[in-house]
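Good morning, and thank you for joining this group meeting. Please look at the sequence and the structure as I turn to the salt bridges.

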Amino acid sequence: HKGHWDDTYTFKVHPYACDYRGKYILSKSPKTWHGAKAACEEAGLHLAKIRNAEEVEEIKQAAVYFLGQADPAWGIWDKNNWIWTGGSDAATEGDWRWLDNTPVEDWNLPWRRKAGNDNAGRRGQHVLSISRWGEFDDSRWKKKRPFACQCPGS
């Protein structure tokens, strides 16, 4: 850079962003599910996998760390209360898979009551989001929400 400091990083992938010793990096920049997937991949990461109750707790803590405290005035379905993850049942309704095609294990996944995984046949509700309080929902991928990327090897 001809002797000048360049901190734009526009030319680098950022795997070292995971050096904070967590599993997840969250962005408060609202994106559609496909936009979130592309943003994670552009940074050398992938949309988050949440494989057990401990990881639910970890992503809840990461949400506070990266996104700040939730506003009590937000409604349940406010975009700021829901975070994109890498789960999808687009190939076969009800057969949830992570982006690497591994199954979303059934470990008593805490689905949102009266929403959750009962959206069969509703157009576009094929992607998995998690709330700030740890419930999952079968969501429409065109909604714009914050998203969680996962660090490599975690």
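I begin with Arg51, which counts as partly exposed because its relative accessibility is 25%; buried means under 20% relative accessible area, exposed over 50%, and partly exposed in between, with a 1.4 Å probe and protein chains only. Please note that this is a predicted model, in which local features need pLDDT of at least 70 and side-chain atom pairs count only at pLDDT 80 or more, while totals for chains, interfaces and linings use all residues. Residues are numbered from 1 along each chain as its sequence is written, and side-chain values use heavy atoms, leaving out hydrogens and water.

With which residue does the side chain of Arg51 meet in a salt bridge? The partner is Glu55, at 2.9 Å from N to O. A salt bridge here is a side-chain nitrogen of Lys or Arg within 4 Å of a carboxyl oxygen of Asp or Glu. By this rule, the count is eight salt bridges.

Glu55 also meets Lys23 in a salt bridge, at 2.8 Å from N to O. This pair links distant parts of the chain, 32 residues apart: Lys23 lies in the segment before β1 (24–31), and Glu55 in helix α2 (residues 53–67). Helices (H or I, at least four residues) and strands (E, at least two) are DSSP runs, numbered from the N terminus.

Are these two residues buried or exposed? Lys23 counts as buried, at 16% relative accessibility, and Glu55 is buried as well, at 5%.

Finally, Arg97 forms a salt bridge with Asp95, with the closest N and O atoms 3.4 Å apart. Elsewhere, salt bridges that share partners join Lys23, Arg51, Glu55 and Glu58 into one network.
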